[in-house]
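Colleague: Please pick one part of this model and take me through it closely. I would like each cut-off stated along the way.

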Amino acid sequence: MSVAKILWVDDEIESLRSQKLFLENKGYEVETLTNGFDAVEFVKENAVDVVLMDESMPGLTGLETLAQIKEVNGQIPVVLITKNETENLMDDAIGSKISDYLIKPVNPNQVWLSLKKIIDNRRLVAEKTTSAYQQQFRHLFMALNSNPNYNEWMDIYKKLVYWELEMEQSDSPEMLEVLQSQKQEANTEFFKFISKNYLSWIDTKNDAPVMSNTLLQYKVLPHVEKGTPTFFLLIDNLRFDQWKAIQPLFTENFRILEEETFYSILPTATQYCRNSIFSGLLPIDIEKQFPVEWKNDDEQGGKNLFEEHFFKGLLKRLRKDDIKYSYTKVVNNHDGLQLMNNIHNLMGNDLNIIIYNFVDMLSHARTEMEVLKELAGDEVSYRSITRSWFEHSPLNQALKKIADKKVNLIVATDHGTVKVKTPYKVIGDKQTTTNLRYKHGRNLNYDPKDVLVFKDPRQGGLPVPNVNSSFIFAKEDGFLCYPNNYNHFVNYYRNTFQHGGVSMEEMIVPVIKMVSKV
């Protein structure tokens with residue numbers, strides 16, 4: 001490990017010789033200077049890990065020196081050492097982005113502790129994270145192998161996401177590899193769990209988790225109250241880890257009351273999940289009740305054009321048609337700016353539904369555009385680009401405009417995505433759909449161990465597009481490829497984010513209830 005270089009600036013530096021010696025004995029290289037002018041010149045010419053600086057020096061004060069050092073290199077951590085504890089000095093120092101401050105007289109251990117906190121922080125966090133995960137590894141392993149129910153599966157997935165985000169902060173590629181392997185094992189077990197239980201959820205509706213078709217009934221409409229507008233924001237294609245990436249931006253203005261997950265129906269694809277959410281029905285029942293509006297994959301026309309129409313039907317069935325609501329769909333930046341400018345006009349409604357298409361566009365664009373493959377090449381960068389988008393989006397600006405009013409805010413999604421790596425061969429006729437994570441058709445030829453099969457789609461709550469049509473869903477990180485042009489297809493789609501199949505990332509998705517802080 002390289003020696004950390006410290007610059008200590010104090011006009012009475014001679015009196016600090018014993019402190020300098022103490023730090024050198026601890027393995028630091030310490031340069032000393034007596035004034036701010038020399039300090040600024042020194043950091044221009046030399047690499048420095050931390051600057052220790054006296055606040056009250058003749059010539060340039062500590063704060064003035066700090067400002068000039070930050071202009072030279074904004075990343076250098078500066079510790080301010082001061083006799084003065086006045087509040088406005090502290091405010092100025094913290095506002096100037098100091099890394100720490102110490103009150104004179106300082107003892108050597110205090111200085112050492114401050115340096116250790118700044119320089120060794122990342123390593124110490126990594127060590128602590130690794131050690132904590134090693135302890136948790138066994139608990140997660142046991143949970144996976146104890147026949148978890150649907151609530152326990154949601155808990156397992158949340159814990160895996162938690163550790164994935166913790167590992168992101170630490171620099172431990174070996175432990176990250178162990179975690180990824182455990183996540184893969186979890187998805188293998190999750191596929192078995194869904195294969196065994198999904199049809200019973202659809203069939204009995206007795207002991208079933210909250211799913212797409214019951215989300216509004218159980219997680220949104222009960223919170224709608226007269227006099228306080230409720231905003232139901234559906235950000236499409238938002239995985240639970242992506243929600244965690246943007247959560248800090250929400251908590252600046254809103255207080256989280258419930259952070260939960262629910263299960264997306266199969267296939268985990270927009271026209272199935274989102275229509276199911278707003279109609280409160282399974283796709284087979286949407287087709288029965290709205291035969292003109294429902295479109296199967298192989299039919300012409302938009303697949304998500306009638307969500308509001310379906311929602312009206314849900315309100316009627318639940319005898320809640322006295323709810324005054326608005327419905328806004330944002331599919332491009334122009335729509336987003338319109339929402340930002342008009343959001344105050346929605347405050348008179350009991351319920352405001354906002355569907356925001358961005359993450360879905362990102363995942364599809366990422367498949368098509370090489371530049372986005374670079375920008376969102378893995379889970380870490382996929383989360384990062386989602387956070388960056390939300391931070392600068394018209395949606396974030398719109399939410400800030402209502403944060404000072406008394407509102408309820410519920411954020412959810414329709415389904416997630418999974419990064420696909422393993423190609424599975426499928427043969428089908430011309431009517432077979434082109435989706436990568438699920439397919440339906442009459443004469444599908446596949447390896448049964450690669451997929452979940454609904455030979456009779458009606459059992460899975462799905463319409464039967466053609467006589468003898470069956471549905472197949474890819475497991476874990478698989479994607480379904482035709483044998484013709486196979487290698488090109490595999491190379492083009494491997495390591496892209498897709499949805500439609502069976503994985504924790506696609507099926508266990510967030511629903512968050514918040515209120516404004518007023």
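Modeller: Axes here are lines fitted to C-alpha atoms, for helices over the stretch in contact, and angles run from 0 to 180 degrees between N-to-C directions. Helices (H or I, at least four residues) and strands (E, at least two) are DSSP runs, numbered from the N terminus. The model is predicted, with local features needing pLDDT of at least 70 and side-chain atom pairs pLDDT 80 or more, while totals for chains, interfaces and linings use all residues. Residues are numbered from 1 along each chain as its sequence is written, and side-chain values use heavy atoms, without hydrogens or water.

Take helix α7 (residues 150-169) and helix α17 (residues 379-391): their axes come within 11 Å and cross at roughly 90°. The two are therefore roughly perpendicular to each other (65 to 115 degrees). On α7 the contact (heavy atoms within 4.5 Å) uses E164, L165 and E168, and on α17 it uses E379, V380 and R383. These residues divide into 2 nonpolar, no polar and 4 charged; Leu and Val count as nonpolar, Glu and Arg as charged.

For context, there is also an open sheet of 5 strands, ordered β2-β1-β3-β4-β5 with parallel pairing (at least two DSSP bridges between two strands). Its edge strands, β2 (29-33) and β5 (100-103), each pair on one side only. Neighbouring strands are turned by 20° against each other on average, direction ignored. Within the sheet, β3 (residues 50-54) and β4 (residues 78-82) pair over 4 bridges, and M53 stands opposite L80 in β4. Helix α3 (residues 62-72) lies across these two strands, running at about 155° to β3. Helix α2 (residues 36-45) lies across β1 (5-9), β2 and β3, at about 160° to β1.

How values were computed
Parallel < 35°, antiparallel > 145°, perpendicular 65-115°, else oblique.
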